[in-house]
Amino acid sequence: MSADDELPRADQAEGAPHPRETLRLIGQDAAERDFLTAYNSDRLHHGWLLTGPQGVGKATLAWRIARFLLATPPAEEGLFGAPPPPGTLDIDPDHPVSHRVQALAEPGLAPITRSYDDKGKLRSQIVVDDIRKLNRFFGLSATDGGRRVVIVDAADDMNVSAANALLKMLEEPPARTTILLISHQPSRLLPTIRSRCRTLRLGPLSAPDMEAALAQSGVELPRNMDNLSALAGGSVGAALRLINLGGLKIYAELVQILDSMPRLDRQRAMALAEAAAQRGAAERFELLLSLTEMALARLARTGATGAPPAPEAAPQEAAMLSRLSPDPRKARAWADLAAEVTARARHGQAVNLDPAALVLDTVFKMQETASRWGSKPPAAYVAPEDS
């Protein structure tokens, strides 16, 4: 294994296999069918924009398409006519292309993602030099007459210069080249890039599909998949992050703290704040902020719709949501607080405010909102088991 292989990759979720290693795509049959229909009808566009929430399989689909295109020869009329059109993107794992793709040794494939700078630090953007490498790729692979595939993951990460360089390639695409752009937020792309690509939309996974996808990734599944499904929103990537960072337990703590309001369980609040301030807990702190925003959003939704979201994201969550947000007026107050808390939290991060102070400030804001209505906490609270 080279030193480069040991560095974290910008296009790989922590704790998950790389998308090129995931041969089976779960829950996105419609997107696969749309691509195959275009391929079989001889309408293979040179640029494809794969969109949808983060973590639903866009990169896995891109690598499946790449293997398929590189391993499938063009249909030709023979003595007995053309062979039947392919009905799947599946390519045998023992196919030479599969082996070369797995080893990142396929000459017809160029993956583009955020690279490392001269100091060994992962860049925050895809820069123009990353895109310009494609000129050499197109030149070296032009002589064999085969297909070429480019995967840009994620296209949202391109800076302006990189985006303009890619736009020129989309405007004058090299022959027999397919460019696959993975985008979590296509609105961030240049309109001219979007207009030169055909879109494949991938949606959130159902709970059974997400469970199957997680099992395929080899992670240990939590005991309560309903809680995970509610928090992950149909995203395998989000589910993996929750599992790896203990997100289910963090959210259960948030629910317990909220359920103690308007009286505040200060001991729990202090413990949550201290955990956020621990050294090396930056990722968990960021997750805590996201989960806090989610809890406030679920409170607002409960009051607006008259019923808590299903399934629960933590034990006893539904009762807490219904008590603290029983009507649209309360829903509006929680929604306003969510916007305020989000702005304050992001500002606090920008000025390096102490994480513990930021967490406590957020909890006190929630207590203030709950106290405004005099909601009574339950007589007794049974702590949930660790998820």
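**Confidence, then the sheet and its surroundings**

Modeller: Confidence is lowest in helix H1 (residues 3-6), with a mean pLDDT of 48, and highest in strand E1 (residues 47-51), at 98. This is a predicted model. Over residues 380-387 the pLDDT is below 50. That stretch still has 17 contacts in the model beyond near neighbours in sequence. Where pLDDT is low, the predicted coordinates should not be read in detail. For the chain, the mean pLDDT is 89, and 90% of the residues reach 70 or more.

Now the sheet. Five strands make it up, in the order E2-E3-E4-E1-E5. The sheet is open, and the pairing is parallel. Strand E2 (109-112) and strand E5 (198-201) stand at the edges. Each has a single partner strand, so one side of each is left without a neighbour in the sheet. Neighbouring strands are turned by 20° against each other on average, direction ignored.

Take one pairing in detail. Strand E3 (residues 148-153) and strand E4 (residues 177-183) run in the parallel sense and share six bridges. Asp153 has its bridge partner in E4, and that partner is Ile182.

Next, the helix on the sheet. H3 packs there and touches E1, E2, E3, E4 and E5. The direction of H3 makes about 170° with that of E4.

The side chains of Arg64 and Glu32 meet, with N to O at 2.8 Å. Arg64 lies in helix H3 (residues 58-71) and Glu32 in helix H2 (residues 29-40), so the pair ties together parts that are 32 residues apart in sequence. How accessible are the two partners? Arg64 counts as buried, at 5% relative accessibility. Glu32 is buried too, with a relative accessible area of 10%. The cut-off for buried is under 20%.

For context, a search of the whole structure finds 15 salt bridges. Side chains of opposite charge can pair when their charged atoms come close. Another of these bridges joins Asp361 and Arg344, whose closest N and O atoms are 2.7 Å apart. Asp361 lies in helix H16 (residues 355-371) and Arg344 in helix H15 (residues 328-350), so this pair ties together parts that are 17 residues apart in sequence. Asp361 counts as partly exposed, at 25% relative accessibility. Arg344 is partly exposed as well, with a relative accessible area of 36%. Salt bridges that share partners join Glu32, Arg64 and Asp90 into one network.

One further bridge is worth a look. Asp327 and Lys330 meet through their side chains, at 3.1 Å from N to O.

Last, the aromatic rings. The whole structure holds three aromatic pairs. One of them is Phe137 with Phe138. Their ring centres are 5.4 Å apart and their planes stand at 50°, so the pair is tilted. Phe137 counts as buried, at 11% relative accessibility. Phe138 counts as buried at 9%.

Definitions and conventions. Residues numbered from 1 in each chain as written. Predicted model: local features only at pLDDT ≥ 70, side-chain atom pairs only at ≥ 80, totals over all residues. Heavy atoms only, no water. pLDDT = per-residue confidence, 0-100. Helix = DSSP H or I, 4+ residues; strand = E, 2+ residues; numbered from the N terminus. Contact = heavy atoms within 4.5 Å. Phe/Tyr/Trp six-rings, centres within 6.5 Å; stacked < 30°, edge-to-face > 60°. Buried < 20%, exposed > 50% of the residue type's maximum accessible area, 1.4 Å probe, protein only. Salt bridge = Lys/Arg side-chain N within 4 Å of Asp/Glu carboxyl O. Pairing = 2+ DSSP bridges. Axes fitted to C-alpha atoms, helices over the stretch in contact; angles between N-to-C directions.
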